[in-house]
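Hello,

Here is the structure we talked about. Please have a look at it, then read my notes below.

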Protein chains: 2
Amino acid sequence: MTYQVYDTTLRDGGQREGISYSVADKLAIARLLDEFGVGFIEGGWPGAMPKDTEFFRRARTELDLKHAVLVAFGATRKAGVAVGDDPQVRALLDAQTPAVCLVAKSDIRHVERALRTTGAENLDMVRDTVAWFVAQGRRVFLDCEHFFDGYRHDPAYAASVVTAALDAGAERVVLCDTNGGMLPSQVTTVIGELVERVGVPADRFGIHCQNDTACAVANTVAAVEAGVRHFQGTANGYGERPGNADLFAVVGNLQLKLGLPVLPDGCLEQMVRVSHAIAEIANIAPDTHQAYVGAAAFAHKAGLHASAIKVDPLLYNHVDPTVVGNDMRILVTEMAGRASIELKSRELGLDLAGHPDAVSRVTNRVKDMEAGGWSFEAADASFELLVRSELPGAEVARPFTLESYRVIVEHREDGAVVSEATVKVRVRGERVIATAEGNGPVNALDEALRLALLRHYPQLKGFELADYKVRILEGTHGTGAITRVLVETADNGGRDWTTVGVHENVVEASWRALVDALTYGLARTPAA
Amino acid sequence: MTYQVYDTTLRDGGQREGISYSVADKLAIARLLDEFGVGFIEGGWPGAMPKDTEFFRRARTELDLKHAVLVAFGATRKAGVAVGDDPQVRALLDAQTPAVCLVAKSDIRHVERALRTTGAENLDMVRDTVAWFVAQGRRVFLDCEHFFDGYRHDPAYAASVVTAALDAGAERVVLCDTNGGMLPSQVTTVIGELVERVGVPADRFGIHCQNDTACAVANTVAAVEAGVRHFQGTANGYGERPGNADLFAVVGNLQLKLGLPVLPDGCLEQMVRVSHAIAEIANIAPDTHQAYVGAAAFAHKAGLHASAIKVDPLLYNHVDPTVVGNDMRILVTEMAGRASIELKSRELGLDLAGHPDAVSRVTNRVKDMEAGGWSFEAADASFELLVRSELPGAEVARPFTLESYRVIVEHREDGAVVSEATVKVRVRGERVIATAEGNGPVNALDEALRLALLRHYPQLKGFELADYKVRILEGTHGTGAITRVLVETADNGGRDWTTVGVHENVVEASWRALVDALTYGLARTPAA
């Protein structure tokens, strides 16, 4: 029996505070999930959400899924209404997906207090709706909402909902920990009891966990260990409140820790790429510390570890990071010391082995700068420039020297907001003054600097500011607040690099990161 | 037998990418952990880290702990050196703490390849160092590094380290999942086998889990369910790579889900306050989605739920949020609709029940603004101003009207960076022009605006800009990048409020948030 990897990033994931997908976002995410090899993609709730109706319409012509089956989500029929007369049910059918997932109440308190109907009518709603969709040729999953709370309150009623759905032809009945309050041992116990009570094997059940006890991944794994073969989760654990089970961690654990073949061959190593791409589309900063896929998931910073890692890297990683498309990283920080500086430099192609003085100078400068709020952990290009400046023969030419700049932002009487920057620089002996406008002060400054340099460095045309991040470091240490800016620059050859700038003034911090970005890029890119 | 809640935020937590505590930070965090009622606070590694040596020196006079015992961390003696001659061991003794925690290798591969000594010598190092500290009157904990990996590779050797430590007088031997690769079922199995093999009850063991499988909390709970009574974790799960077991989630689960009395009375409800205060000190943005303590941990946004929650809130939360010092929140978003707008307004003291037109206008404006990048989820004050502007009789007076402003940032030839802002406003019929300097463009603008208004609104003197956050929203949807600014303002009466501003220009976005902040504050604060 194969495992059913069921993704609900597009529905449950959209409940996360801060997420609001467009239809194009949803299509792009569906393609990524398919590349990751999930078996089912729950696309949304047609009828309830206009965007979702539109998604399913466009999916029919625009999505060409290789691994996944598209699923539309909806509810069982309303109380007292025939299935075929319920517009929400019709909308679900009209989504024309091979499978549907129906949510039903399985906690008698929710039936009576929220749905305001009887336990018996709720069972009829389940039976009728499941049977109707089966008769229409659909594969049917039934999500038992609040199953675990309901089971603990009234096991007989919760079990009767499961039985009703299975008898009516549901392919799987999914046990949902909707409030997310369970622990793994409780999940194991309830599933064991349910198998006894209902008299079907656990592989007829599915599992859907929320993360309110920080155990959603563990609860999902526990259910699979108890025999469940269908598990639901979301990319990066996106979801309401603390979120859903993170599908990446669940899949990583099942495949790499328990040896279960849950994904098609070749898909596991897409994990990091798919995770980060979905984060970009959802416009959520990727979680650096996320298990398996985070940029820090295999990053080592303690000096102690960094030196031992040279001896045997696999003794310090729980899995080989490349298996999920991640890398081991050495972080440049004050705690790391000389060994990490050397290791990190080697990673960047600079061998410091024969240059103990350079290692000392770099280590001291990094320590001083970090004390002032700099951080090179995410800014390899700035770090490389720093190392090269201390390594005889490896220095990078500075493309210009700054005389001064000025940025003006005006909110004019007519309401228009305009930004204008002037830079005065010396380029190859020539004094150049350039002025440009921009969307904001940093953009104006970037434009003016490029304009000033362009005649001497035409290859600048291929550089693009790909990402810009601002972090305010609190002035909790007696200093004023400091601004740290990260700039990611991409060139038209598909390369990108990140630089950092720090200053109490956001414009000056941005300037420093921009200057490093252009300096680094020009050093790598010969004139056309 | 009581439970030992052992915190290592100050040592292991400091390994997290981006954390760098000062000594004052460490003292402040220790006080907070004590207020939360932990039994042990591991303060650092004296000798190895100069800051930590200083911390223990100052702790002797500056820390007055009510619940917690201070612990110094160190390693067993070096191979081939007498315990008393090892300077690292002496530094540990000199920390003068009632308890020490020694780290020892328990994976024979690490003994041989990283430590480069023999299994027998390692056992002697454990025995000698534990016995020496016991003889000095210290309580001794022994952390078995890489225990689970080591046990799975060579159970006999790993068990022999445990036995050596217990025989030499260690109070607890802590089983560390250093690489974080375990699942709960594996933790349960190994502990069960170890109890058999070593012949002591599980309450002689401790547990220390890293989060590389996203199961650190569940693994810790599993160990406690297997009989372990000493568990280690960090505030908010701070730690290397994906971090350590989050002590807050562990404590919440043990106390609220398993009914185990792990904290002193009255401490559990400090959880949210302590969690957020430690995040502030560590200078890590609190994780909105963290279990139990996150601002979104009990936040509901789906329209479906929001209306049902009115019926019976406890059916929709896994625990009563107030038990851990949290609140239920209703989020204002496009998905929530009218019910949430009404509920949220009531939370703010505005009854919209009799004003369906106002609800429609607010809902429509929120939808439009959210489509443009605004978010009111974290900006209650801006939301309240918006609701009041649509509710007849509840409007807030605008304290001024803007004519224009201009901000200049200059990097001068001498390297000085200066910011200057001029605002032209109309206040109570008077045209006022004011110019001020600042650390950066936004600070200059804030200063100039206050200067312009101060004569008419002297109560502005009591307002302080408490926090300022910038978020760049990617232009992935065909629009340019947009900047969202959150401003938190505090007054001298201990109140604070948050406002939001959105624009493609960071200065204008900040301006909008500042104007809301002053407008809201002035409406609440009568002139002195």
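Start at the axis between the chains. Of the residues of chain A, A:Ile408 comes closest to the rotation axis, with its C-alpha at 2.2 Å. A rotation of 180 degrees, with 0.1 Å of shift along the axis, puts chain A on chain B with an RMSD of 0.1 Å. The two copies are thus related as by a two-fold rotation axis. The superposition is by least squares on the C-alpha atoms of residues with pLDDT of at least 70 in both copies.

Some housekeeping. This is a predicted model: local features need pLDDT of at least 70, side-chain atom pairs count only at pLDDT 80 or more, and totals for chains, interfaces and linings use all residues. Residues are numbered from 1 along each chain as its sequence is written, while chains are lettered from A and ligands numbered from 1 in the order in which they are written.

**The interface**

How many residues of chain A are in contact with chain B? There are 94, and they meet 94 residues of chain B. Contact means that two C-beta atoms, placed from the backbone, lie within 7 Å. On chain A, strand β11 (residues 401-411) gives the most to this side, with 10 residues. The side divides into 38 nonpolar, 32 polar and 24 charged residues. Here Ala, Val, Leu, Ile, Met, Phe, Trp, Tyr, Cys and Pro count as nonpolar, Asp, Glu, Lys and Arg as charged, and the others, Gly among them, as polar. The copies meet through the same surface, because 100% of the interface residues of chain A are also interface residues in chain B.

Strand β11 of chain A also pairs with β11 (residues 401-411) of chain B, antiparallel, over 7 bridges. A:Val409 has B:Val407 as its bridge partner. Strands pair if DSSP finds at least two bridges between them. Helices (H or I, at least four residues) and strands (E, at least two) are DSSP runs, numbered from the N terminus.

**The annotated domain**

UniProt, in an unreviewed entry, lists residues 3-272 of chain A as "domain: Pyruvate carboxyltransferase". UniProt positions are in the numbering used here, feature names are shortened, and annotations may be inferred rather than shown by experiment. The span is 43% helix and 16% strand, and its end C-alpha atoms lie 21 Å apart.

**A covered strand in chain B**

Strand β6 (residues 172-177) of chain B has 6 of its 6 residues buried. Buried means 20 or more other C-beta atoms within 10 Å of the residue's own, exposed means 12 or fewer, and partly exposed is in between; C-beta atoms are placed from the backbone. B:Arg172, B:Val174 and B:Cys176 are on one side, with B:Val173, B:Leu175 and B:Asp177 on the other. β6 of chain B pairs in the parallel sense with β5 (residues 139-145) over 4 bridges. It also pairs in the parallel sense with β7 (residues 205-209) over 5 bridges. B:Phe141 stands opposite B:Arg172, and B:Val173 stands opposite B:Phe205.

**Two loop residues with positive phi**

Most residues other than glycine have a negative phi. B:Asn236 has a positive phi of about 60 degrees. The loop between β8 (230-233) and α10 (247-257) of chain B holds B:Asn236. B:Asn236 is buried, with 27 other C-beta atoms within 10 Å. B:Arg428 has a positive phi too, near 45 degrees. B:Arg428 is in the loop between β12 (417-427) and β13 (430-438) of chain B. B:Arg428 is exposed, with 11 other C-beta atoms within 10 Å.

Best wishes
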